[in-house]
Amino acid sequence: MINLCDRFLKYLEFNTEAVNNGRKIPSSIGQIEFANYLVDELMKIGLDKVEYSEGVVYGYKKGGIQKLINR
């Protein structure tokens, strides 16, 4: 499994700069690509439910957080 530092550095590779005067959210293709990547990452680390809606990624985990911390 990828460690936290490597995961963060991977996130930095995405160009998530907003489009000026953009009328949509998310406003750039890079933001959409990053959101989709984040959805995959959250599912891989074991969240029970992951949703992407209107530019926002939601992740849900039933029970305690201890399982995620120990990874």
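Buried means under 20% relative accessible area, exposed means over 50%, and partly exposed lies in between (1.4 Å probe, protein chains only). This is a predicted model, in which local features need pLDDT of at least 70 and side-chain atom pairs count only at pLDDT 80 or more, while totals for chains, interfaces and linings use all residues. Residues are numbered from 1 along each chain as its sequence is written, and side-chain values use heavy atoms, with hydrogens and water left out.

**View 1. Glu 17 in the loop between H1 and H2.** Glu 17 counts as exposed because its relative accessibility is 61%. The C-alpha atoms of Glu 17 and Ser 27 are 8.5 Å apart, and these residues are ten apart along the chain. Leaving aside neighbours within four places in sequence, Glu 17 is in contact (heavy atoms within 4.5 Å) with Ser 28 and Gln 31.

**View 2. Gln 31 in helix H2.** Gln 31 counts as buried, because its relative accessibility is 19%. Residues up to four places away in sequence are not counted here. Gln 31 then touches Asn 15, Thr 16, Glu 17, Ala 18 and Pro 26.

**View 3. The cis peptide bond from Ile 25 to Pro 26.** Omega of this bond is near -5 degrees. Most peptide bonds are trans.

**View 4. The crossing of helix H1 (residues 4-11) and helix H2 (residues 29-44).** The two axes come within 11 Å and cross at roughly 160 degrees. H1 is therefore roughly antiparallel to H2. Angles over 145 degrees count as roughly antiparallel, under 35 as roughly parallel, 65 to 115 as roughly perpendicular and the rest as oblique. Axes are lines fitted to C-alpha atoms, for helices over the stretch in contact, and angles run from 0 to 180 degrees between N-to-C directions. H1 passes H2 in a right-handed crossing; in such a crossing the near helix is turned clockwise from the far one by less than a right angle. H1 contributes Arg 7, Lys 10 and Tyr 11 to the contact, and H2 contributes Phe 34, Tyr 37, Leu 38 and Glu 41. Four of the contact residues are nonpolar, none polar and three charged. Here Ala, Val, Leu, Ile, Met, Phe, Trp, Tyr, Cys and Pro count as nonpolar, Asp, Glu, Lys and Arg as charged, and the others, Gly among them, as polar.

**View 5. The largest nonpolar core.** Its six residues are Leu 38, Val 39, Leu 42, Ile 45, Leu 47 and Val 50. H2 supplies the largest share, three residues. A nonpolar core is a set of buried Ala, Val, Leu, Ile, Met, Phe, Trp, Tyr and Cys residues joined through side-chain atoms within 4.5 Å. Beyond its neighbours within four places in sequence, Leu 38 is in contact with Tyr 11 and Val 57.

**View 6. Glu 54 in the loop between strand E1 (49-53) and strand E2 (56-60).** Glu 54 is not a glycine, yet has a positive phi of about 50 degrees. Most residues other than glycine have a negative phi. Glu 54 counts as exposed because its relative accessibility is 69%.

**View 7. The protein chain, with three helices and two strands.** Helices (H or I, at least four residues) and strands (E, at least two) are DSSP runs, numbered from the N terminus. The elements run α-α-β-β-α from the N terminus on. Of the 71 residues, 20% count as buried.
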